[in-house]
Amino acid sequence: MDPQRSPLLELKGNIELKRPLIKAPSRLPLSGSRLKRRPDQMEDGLEPEKKRTRVLGATTKITTSRPRVPPLTAVPQTQGQSTAQKVSKKTGPRCSTTIATVLKNQKPVPAVPVQKPGTVPPLVGGKKPSKRPAWDLKGQLCDVNAELKRCRERTQTLDQENQQLQDQLRDAQEQTKALGTERRTLEGQLATVQAQAEQGQQELKKLRARIVELEERLSTQEGLVQELQKNQVELQEERRGLTSQLEEKERRLRTSEAALSSSQAEVASLRQETAAQAALLTEREERLYGLEMERRRLHNQLQELKGNIRVFCRVRPVLPGEPTPPPGLLLFPSGPGGPSDPPTRLSLSRSDERRGTLSGAPVPPTRHDFSFDRVFPPGSRQDEVFEEIAMLVQSALDGYPVCIFAYGQTGSGKTFTMEGGPGGDPQLEGLIPRALRHLFSVAQELSGQGWTYSFVASYVEIYNETVRDLLATGTRKGQGGECEIRHARPGSEELTVTNARYVPVSCEKEVEALLHLARQNRAVARTAQNERSSRSHSVFQLQISGEHSSRGLQCGAPLSLVDLAGSERLDPGLAFGPGERERLRETQAINSSLSTLGLVIMALSNKESHVPYRNSKLTYLLQNSLGGSAKMLMFVNISPLEENVSESLNSLRFASKVNQCVIGTAQANRK
């Protein structure tokens, strides 16, 4: 076998073999005819041990029987030395020593002399390579391609060797970095040890000086002792004991004095810091209180700008099984800012088949346009509705009476708006649970500013002008004759319901339990408008009391959430049967109380001297939540069905009249 060649010589030979090949012009005919070759010539052309390369018209014979160069695992000594020198300049002496050691352990590869391009390599076995005929261009091309493939393989081998060298260099660099880090760590430790050694030397010097001092004192004492020993040995021993005790006492005294001085300085510093912190805390509390008062003032001003009495309109969606309303029955025109603004207008079309033109054609439907503070289309969610009244509900914490009631015919979605849907779905929760959750959350935030709040809930219904407690349990359940509306104290304007339960609440679960109990106790009946119709007014009242003990401030106000009974006229809501007279009486009582509610709002708007609160139990109970010191909001709920157009039109007209009323500026109940 041939000796292994040096990698540099192999690379040089490969570069010489990669010279571009210049093909001689072909003399074959252009008709595409091919020359036939003999089998022995084909075997010569495919022989793997030999190839012919034609460069500039001359053929160079190259033997390929030499074995492939193995992967390079070591570099020549001169090359390793130069690499180590370059690395040592960058990474320091330790890394250069490591790289030199690695290069030293690798075995050098013997160099193989490079053949000149013009010379012919020695033949194996003494045989001369057979020449291909000049007309065998295809064989020559095969030889050239085979030689090119071997050159590419050799180049790939050299690339792998180069990659291995680069990996070795990278490993050496990483080892150099690690050694540099270790060197810096050892230098830091050395500096620490030196500092400790210097400190120890200083302490040693102090101890030596102390020893010298003590030795001097000892020598002095010994001289005195020797003199006193001559006079009296007993006095000398006693003096020594007293002297040692005195030294110990003095040392303890000095230590105590130093500790006392340090403690006094620390106490003085802490007192100064405490005084500064107390002053800063007082200043921050004053500023926070001022900001809270300003927030309440601006909040109330914003609510006043929106109006102390506002009207929202909500259209319920079409339920499964109900007929689809004709297009154009209800329209929701865009606001002044375009479709992005919340709708505030509603158009209702009404057609009368009994009327007609002279030609017999039906009269075109009449369109009625209404404008409110906000209109909620059928697709509005419960959280969107509550978002509009959240700030109004928060006014109750600031001491302003707030009253929110739902008005509309039976089956228009009043109870769903106030209490929510069945099943306990959080997405379907009504205004009552959402309002109380919001109040609990805001009260918790204000507790950090010194405010403490308490909440007391009551839930009653007014059925046929009789007040019933919806939170009654046991034998009192369903009894309404015992409940009467009275003043809480003589001379007080606060109203209370006698024999009704007032339950303190502090969390959402307690409120959910009260609502569940009230749903079971409320008076409902089947009507022509709805399978389960509320035949009474339900009034949920939350008495809020707030106190700021450090400033001596108190505030209190009721939050009233009212679900009114159906406002339909007598004929549509009547159910024929044994209870016809009872249904008639219920409807008369409902319409009478709703009419009184409208008269009270009109009287308040006209600033009349007499407001007929006592004409109805409903208005009498809500007297403190309807006056000039209260904020009021009415939801008018309407049905999207064409068969309910007449009742929807009546509800919208009533709500439009209420929306035109203006009540005086609200006043907070503060002490």
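Modeller: Let us start with a loop. Lys607 is found in the loop between helix H11 (580-605) and helix H12 (617-621). Please bear in mind throughout that this is a predicted model.

Colleague: What is the phi of Lys607?

Modeller: Lys607 has a positive phi of about 55 degrees, although this residue is not a glycine.

Colleague: Is Lys607 buried or exposed?

Modeller: Lys607 counts as exposed, because its relative accessibility is 57% and the class begins over 50%.

Colleague: Where does Asn499 lie, and what is its phi?

Modeller: Asn499 lies in the loop between strand S12 (495-497) and strand S13 (503-505). Asn499 is not a glycine either, yet its phi is positive, at about 60 degrees. With a relative accessibility of 44%, Asn499 counts as partly exposed.

Colleague: Let us turn to charged side chains. How many salt bridges does a search of the whole structure find?

Modeller: The general idea is that side chains of opposite charge can pair when their charged atoms come close. In this structure, the search finds 18 salt bridges. One of them joins Arg519 to Glu419, with 3.3 Å between the closest N and O atoms.

Colleague: Which parts of the chain does the pair of Arg519 and Glu419 link?

Modeller: The pair links distant parts of the chain, 100 residues apart: Arg519 is in helix H10 (residues 508-521), and Glu419 is in the loop between helix H8 (414-418) and helix H9 (431-446). Arg519 is partly exposed, with a relative accessible area of 37%, whereas Glu419 is buried, at 7%.

Colleague: What is the N to O distance between Arg316 and Glu322?

Modeller: The side chains of Arg316 and Glu322 meet in a salt bridge of 3.1 Å, N to O. Arg316 counts as buried, at 10% relative accessibility, while Glu322 is partly exposed, with a relative accessible area of 23%.

Colleague: Which residue lies over the face of Tyr400?

Modeller: Lys631 does so, at 4.9 Å from the ring centre.

Colleague: At what angle do the axes of helix H7 and H9 cross?

Modeller: The axes of helix H7 (residues 382-394) and H9 cross at roughly 50 degrees and come within 10 Å. H7 and H9 are therefore oblique to each other. The crossing in which H7 passes H9 is right-handed.

Colleague: Finally, how far apart are Ser592 and Asn464 in sequence and in space?

Modeller: Ser592 and Asn464 are separated by 128 residues in sequence and by 9.9 Å in space, C-alpha to C-alpha. Ser592 is found in helix H11 and counts as partly exposed, at 39% relative accessibility.

Technical notes
Residues are numbered from 1 along each chain as its sequence is written. This is a predicted model: local features need pLDDT of at least 70, side-chain atom pairs count only at pLDDT 80 or more; totals for chains, interfaces and linings use all residues. Side-chain values use heavy atoms; hydrogens and water are left out. A charge sits over a ring if NZ of Lys or CZ of Arg is within 6 Å of the ring centre and within 35 degrees of the ring normal. A salt bridge is a side-chain nitrogen of Lys or Arg within 4 Å of a carboxyl oxygen of Asp or Glu. Buried means under 20% relative accessible area, exposed over 50%, partly exposed in between (1.4 Å probe, protein chains only). Helices (H or I, at least four residues) and strands (E, at least two) are DSSP runs, numbered from the N terminus. Axes are lines fitted to C-alpha atoms, for helices over the stretch in contact, and angles run from 0 to 180 degrees between N-to-C directions. Angles under 35 degrees count as roughly parallel, over 145 as roughly antiparallel, 65 to 115 as roughly perpendicular and the rest as oblique. A crossing is left-handed if the near helix is turned anticlockwise from the far one by less than a right angle, and right-handed if clockwise.
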